[in-house]
Amino acid sequence: MTDYVEQKQSRISDVFPDMPLVVWMMIITVLIGITSGMGSKELVSVYNSGWGHAIGEFALILLPSFVLAAALEKQRIEMSPQVSVGLAPLAGAGMVCPDTAYAAISPMVRKHKLPLAFGAYSGFKLLFPAGPLLVATSLGVGDAKLLGFCLLMFIPVWVAGLLYGYIVESRYLASGKLTDLNTFKMSLNVLWPFLLLATLLTLGVVADMSFNVWLDFATNPKGALFITAVSALSMVVRDSRRSCIDSGLRRTGSLLLIIGAASAFSAILTSVVPINDMFSTQSGLFTLISLFVLTAIFKLLQGSSMSTFAAAGPVAVPIVAAAEVSPVLAVVAICLGSFVAILPNDSYYWLVKQDTMAAESDFKATAILAGGSTIQAVVGMSVLILVATLGIF
């Protein structure tokens, strides 16, 4: 399977230059502006205004999130193997990366690693402060209901991944020799930053803290992330704290570049294509399905889940603005579209494949991982369509 993918990529590179997604987006954006008849001054002006859309908000989210993840990576996670699978979604969301969460927890699990993998994946996609917060920032959604709704949507998607993982492991995977595990004791060393973040976010939802500027900031998602990241650094030895911050800066910088390019693309596209006319007459259900498919296409092309969120969110802004659809439902539709699918162009694929299915062929591993993530997407989208049809939001 790997050879096949490499051959396909080689054939594509013979026709199109092998360049990162962000470069392609910049080139296509400029070409759209030129071919539509925009003058150079107008093109640069629209591009510039689009690039700066919400970029500061993303910096406030991404930097503390990645610093928090780096601080947690420095710790030796100690928890009972019996609860590792259950905590995987929380780790995926808190570390803002399913790869990091899986790599940290999987050494404590002899079997059931596939359910763990789908758990970390679903937590990253549907729990704060990961996917939903990134997409909500792009769409300008500040509805407090989003936090609770994402949690409710997460449950059936997570359960679908768990059931799929257990069934596949028991029926279709070779049961090799189980390796002995080190003895881990339950520790709050890693859990307390998650508890702090959850507490601050919950307070922001259930109580109005606007009477005090400090409390108001602390219970806002961006303030809560900042406080949690700073607190998590206290777990790291003094000499290693700078490296955590540097790691956060590197990861934030690359994503801000993608977000800026996607926002500029969205601004130029809105100026050229009559999106208002295309979506203003469509039903909310049609819009949700369109957002789901749009994000799925980004994921299949890009591979990286984080880059998918960074690129799909800004592009979806004019669609949501033109359509009569709940912004909360739109955020979840985009998050669900990003589940499709775990393929070899995703680093998470290779991490799980090598750890869980090293004895299996690449084709079988691809079918299992892509199949499971797609099932999670379909289950979630089915629930979302039901919610939209009943008019709950």
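A search of the whole structure, which is a predicted model, finds 8 aromatic pairs. Two of them are set out below.

| Pair | Centre to centre | Angle between planes | Geometry |
|---|---|---|---|
| Y102 and Y348 | 6.2 Å | 85° | edge-to-face |
| F118 and Y164 | 5.6 Å | 80° | edge-to-face |

The rings of F118 and Y164 count as edge-to-face because their planes stand at 80°, over the 60 degrees required. This pair also links distant parts of the chain: F118 belongs to helix 7 (residues 113-126) and Y164 to helix 9 (residues 145-172), 46 residues apart. F118 and Y164 are both buried.

Ring pairs also build a cluster, whose members are Y102, Y121, F339 and Y348.

The largest nonpolar core contains 116 residues, and the members that touch the most others are L114, L139, L146, L336 and L384. Helix 13 (residues 238-272) supplies the largest share of this core, with 11 residues.

Which residues does L336 touch, not counting those up to four places away in sequence? The contacts of L336 are L126, M153, V157, F292, A377, G380, M381 and L384. One of these, L384, is itself among the core members that touch the most others.

Notes:
Residues are numbered from 1 along each chain as its sequence is written. This is a predicted model: local features need pLDDT of at least 70, side-chain atom pairs count only at pLDDT 80 or more; totals for chains, interfaces and linings use all residues. Side-chain values use heavy atoms; hydrogens and water are left out. A nonpolar core is a set of buried Ala, Val, Leu, Ile, Met, Phe, Trp, Tyr and Cys residues joined through side-chain atoms within 4.5 Å. Buried means under 20% relative accessible area, exposed over 50%, partly exposed in between (1.4 Å probe, protein chains only). Helices (H or I, at least four residues) and strands (E, at least two) are DSSP runs, numbered from the N terminus. Contact means heavy atoms within 4.5 Å. Rings of Phe, Tyr and Trp (its six-membered ring) pair if their centres lie within 6.5 Å; planes under 30 degrees apart count as stacked, over 60 as edge-to-face and the rest as tilted.
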